[in-house]
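Here are my notes on the aromatic side chains. Please keep the structure open while you read.

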Amino acid sequence: MNLHNNSKKERKSLLKNALFLVLFIIIAQMAGIIGSVFTADSVTTWYKEISRPSFTPPDWLFAPVWITLYVLMGISAFLIWKKRDKKKEVKTALIIFFIQLVLNSLWSIIFFGFHLTLIAFIEIILLWVAILFMIIKFYPISRAASLIQIPYLLWVSFAAVLNLSFTALNAF
């Protein structure tokens, strides 16, 4: 009987973990969906008309990169949530996670929604700092959660350079 109860508890724990993993991935993807609401119209109008640096990736590349990064963000947050026995550290780390998600969505609103490339550049620097801070806070809780955020930091670093280049090319 005890073996059956342990198996039932294990299944219940696995189901709970799977549900929270999916929830964290959905939450992360929502940041992208919010951003895409402001991006969709501008990509076919304003963005096509402004000068772009020569190293601008093709438009088709952005969606798969961001979807992948949001999945990694969700997995990372889930790994931190699983360590919730370290209550204070986990709470702080997840607050930083949510702050950077808000900053992530906000960049799309500023850049694509309002076409304020200089303000968007300042905002993406804040996002970059928040991502770095998240990586640092995640590391002692879960090394894996921290390390899988590095592609995100690298992509946002590239996006910041791209953003600054857009600003310089379209200043007048």
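Which charged end sits over the ring of Trp 81?

1. The charged end of Arg 84 does, 3.8 Å from the centre of the Trp 81 ring. Bear in mind that this is a predicted model.

2. Now the ring pairs. A search of the whole structure finds 17 aromatic pairs. One of them joins Trp 66 and Tyr 152. Their ring centres are 6.1 Å apart. Their planes meet at 80°, and over 60 counts as edge-to-face, so this pair is edge-to-face.

3. Look at where these two residues lie. Trp 66 is in helix 3, residues 59–81. Tyr 152 is in helix 7, residues 150–169. The pair therefore ties together parts that are 86 residues apart in sequence. Is Tyr 152 buried or exposed? Tyr 152 counts as buried, because its relative accessibility is 1% and the cut-off is under 20%.

4. Next, compare the pair Trp 107 and Phe 111. Here the ring centres are 4.7 Å apart. The planes are at 15°, and under 30 degrees counts as stacked, so this pair is stacked.

5. Both residues belong to helix 4, residues 87–113. They are four residues apart, which means about one helical turn separates them. Trp 107 is buried, with a relative accessible area of 15%. Phe 111 is buried too, at 1%.

6. Finally, step back from the single pair. Trp 107 and Phe 111 are part of one aromatic cluster. Trp 46, Tyr 47, Phe 112 and Phe 166 also belong to that cluster.

Terms used: Residues numbered from 1 in each chain as written. Predicted model: local features only at pLDDT ≥ 70, side-chain atom pairs only at ≥ 80, totals over all residues. Heavy atoms only, no water. Phe/Tyr/Trp six-rings, centres within 6.5 Å; stacked < 30°, edge-to-face > 60°. Helix = DSSP H or I, 4+ residues; strand = E, 2+ residues; numbered from the N terminus. Buried < 20%, exposed > 50% of the residue type's maximum accessible area, 1.4 Å probe, protein only. Lys NZ or Arg CZ within 6 Å of the ring centre and 35° of its normal.
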